[in-house]
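Here is a set of questions and answers to work through with the model open beside you.

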Amino acid sequence: MAIWADKNTRVIVQGITGREGTFHAIQCRDYGTQVVGGVTPGKGGTTHEGFDVFNTVREAREKAGANCSLIFVPPPFAADAIMESADAGLELIICITEGIPVNDMVKAHDFLKKNNARRVAEGRSPSRLIGPNCPGIMTPGQAKIGIMPGHIHREGPIGIVSRSGTLTYEAVGQLSSRGIGQSTAVGIGGDPLPGTNFIDCLAAFQADPATEAIIMIGEIGGSAEEDAAAFVKANVTKPVVAFIAGQTAPPGRRMGHAGAIISGGQGTAAEKMAALTAAGIHVVKAPSDMGAKLEEVWAGTARGAKGRA
Amino acid sequence: MKVHEYQAKELLRRYGVPTPRGIVVESPEEARNAATELGGRVVVKAQIHAGGRGKGGGVKLAKSPDEAAELTKSMLGMTLVTHQTGPEGRLVRKVLIEEALNIDKELYLGITLDRRIGMPVLMASSQGGMEIEEVAARDPHAIRREPIDAVLGVQPFQARSVAYALGLTGDAFKKCVDFVGKLMRAYVETDAALAEINPLLVTKEGDVLALDAKMNFDDNALFRHKDIAAMRDLHEEDPLEVEASKFGLNYIKLDGTVGCMVNGAGLAMGTMDIIKLAGGEPANFLDVGGGASAEQVKNAFRIILSDKNVKAILINIFGGIMRGDRIAEGVVSASREIGLPVPVVVRLEGTNVELGKQILKDSGLPLITADGMWDAAQKVVAAAQGR
């Protein structure tokens, strides 16, 4: 078990003929992910690096049986690519693209909401968007759907959710070097309007029998971490370790990620760390302590103690 | 991206949002002419990218064109310090001359994105002239919030509810309803991240105008707004940050002594945090991007070393798909070319990391290798403190 992505996930890559799309489609396939083709409008019917190319996502779903899309389309066209995948009824849409205008995402979210409501009313499954501006989703040993380095992961019981790509790798690296594997690692992305948020991931990890403990990595800006804290307090019984990046970030400056900004005194790391701590989450101050703290709290649980024995 | 008040007003006028008549000038002579044209009694407003200009002496009333010229002369070239500029202040290069109006009420109207609900939200308060965060902290009920469907736009009932909340009646009420609709259109169509009218002025004659205007824009949408992108004022930005942006480097200058070069925004922030925990102060935020090629590393070195406060540099790269040996080669070739006046600590992670470390060691360069972030942070702080 894992969340959302596993060995049965059938992935198409939107923007497969581009440089990034090509490189990562091959990397994902090499990892063992079922990459069943790609979409580039105007290049349908051709093959590219052994992948079947389709003109539309609908065609890719019908002919290749895709249920997931991995998006590498450039920013001006990325929101459109997301909506096309939702319209085609793909269950999982992962958007790697960085730099999509916020207004485009406001519209894409509106489209997804209405499309999902319609699908659910008709008894069909809704679409989940992960990202944009994220590394993707990884279920070690089953599916790598994104740009993360596959080799640092190992199979195991820890769920990871993060707004930052490289800090996810950092957490994975710290766990794997301790011999602790991961159930699924989800990069929810650094944009102000993510498709999937902390709460979605925490709820899924809580429900996933293969996940025994969770690392969540937040950063300055917005209030998603505070919302997650309240959710954990009320709904999550598995231990959670958290790190918040940007404790030394100056106010009013956008720290690389579009969503990482302290504005009007709101969204500071201190506020978030206090809210998480108050919810019983194990907050570490140093990013280098994520693995050690997780090992400590996980070993304190019955399954963790057994897992370490 | 930020723009000046006069530019924000120019954009707003394109959408029919009423503003006072104004002319931007760069000399006392132009100010005199502008004031004459505007009827003699004018307000002289220093143009910098920061709020709180009034209290800092950057907004003054002139009763005659001569006085406007006099005030402009004193403002141009002055360093204006406000609570938003920091102690170093900002040099005034342009002044806006605006007609003086008969003030009846000063209100507040703002639009920004509500991240929680994923919609723009209209905020209105009758306490104009005060910062909205201050009003929110003191009395959250004093702010009327209307989430707006960005696809449908402002509905008439929403504009009315804002005008009612502002306590307006009669002609001013109608004009405010019209103002709200136009402001919202300007916000959406320019891809603004913030449109703030503070104060929103109601004149004794019953007119409703944007007395001040602040607009910020979504950097990611500038590709479709060449006219707005052209409004960028590089004088308002740190020269090193401008230089870094030319190379696609995301650099933010800070006050410490430990320079950082990191791949990924989250890890870059985390690196700053751990430097602080190790007893040092970060000199900058710098995301070199995913590749960390020799060329990018070289550019990053140059930018970091231009900051004379930097006493040591920490390179923290989680290689990911990029191989550690490639990154090490990049660091070595960049170091050779640029010469290293300060100690450099390198922490590499990812594929072929052992090979990478060997390359760093064999280079003969004064590169200090580290295992893990905590080790790296301790080493670089010690180096920066000359230990």
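Predicted model: local features only at pLDDT ≥ 70, side-chain atom pairs only at ≥ 80, totals over all residues.

Q: What percentage of the residues in chain B is buried?
A: A residue is called buried when its relative accessible area is under 20%. Applied to the 387 residues in chain B, that cut-off gives a buried share of 54%.

Q: Which strands are at the edges of the four-stranded open sheet of chain B?
A: The order in this sheet is β1-β6-β2-β3, with antiparallel pairing, and the twist averages 25° from one strand to the next. An edge strand pairs on one side only.

Q: Which residue is the bridge partner of B:Lys45?
A: Strand β2 of chain B covers residues 42–46. Four bridges join β2(B) to β3(B), and the two run antiparallel. Across that pairing, the partner of B:Lys45 in β3(B) is B:Val59.

Q: How do the residues in the contact of α2(B) with α3(B) divide into nonpolar, polar and charged?
A: The axes of these two helices come within 8 Å and cross at roughly 145°, and the crossing is right-handed. The α2(B) side of the contact includes B:Pro28, B:Ala31 and B:Arg32, while the α3(B) side includes B:Pro65, B:Asp66 and B:Lys73. Taken together, the contact residues are six nonpolar, two polar and three charged.

Q: Which residue in the turn between β7(B) and β8(B) has a positive phi?
A: Seven bridges join β7(B) to strand β8 (residues 119–125), running antiparallel, and B:Thr112 stands opposite B:Val121 there. The two strands form a hairpin with four residues between them. The turn residue with a positive phi, about 70°, is B:Gly118.

Q: Which residue of β10(B) is the bridge partner of B:Gly110?
A: Strand β7 (residues 103–114) of chain B is joined by eight bridges to strand β10 (residues 192–203), which runs antiparallel to β7(B). Strand β10 of chain B also holds B:Pro199, and the peptide bond from B:Asn198 to B:Pro199 is cis, with omega near 10°. The bridge partner of B:Gly110 in β10(B) is B:Glu196.

Q: Is B:Asp191 buried or exposed?
A: B:Asp191 sits in the loop between α6 (170–189) and β10 of chain B. Phi of B:Asp191 is near 55°, a positive value in a residue other than glycine. Its relative accessible area is 4%, so B:Asp191 is buried.

Q: Which strands stand at the edges of the seven-stranded open sheet of chain A?
A: Here the order is β3-β4-β2-β1-β5-β6-β7, and the pairing is mixed. One parallel pair is β1 with β2 of chain A, joined by five bridges, where A:Arg10 stands opposite A:Gln34. The edge strands have a single partner each, so one side of each is left without a neighbour in the sheet: they are β3 (47–48) and β7 (128–130) of chain A.

Q: Which residues does A:Ala286 touch, leaving aside those up to four places away in sequence?
A: A:Ala286 is found in the loop between β14 (282–284) and α9 (290–299) of chain A. A:Ala286 is buried, with a relative accessible area of 4%. The residues A:Ala286 touches come from chains A and B: A:Phe243, B:Ile274 and B:Leu277.

How values were computed
Residues numbered from 1 in each chain as written. Chains lettered and ligands numbered in written order. Heavy atoms only, no water. Pairing = 2+ DSSP bridges. Axes fitted to C-alpha atoms, helices over the stretch in contact; angles between N-to-C directions. Left-handed = near helix turned anticlockwise from the far one by under 90°. Contact = heavy atoms within 4.5 Å. Nonpolar A, V, L, I, M, F, W, Y, C, P; charged D, E, K, R; others polar. Buried < 20%, exposed > 50% of the residue type's maximum accessible area, 1.4 Å probe, protein only.
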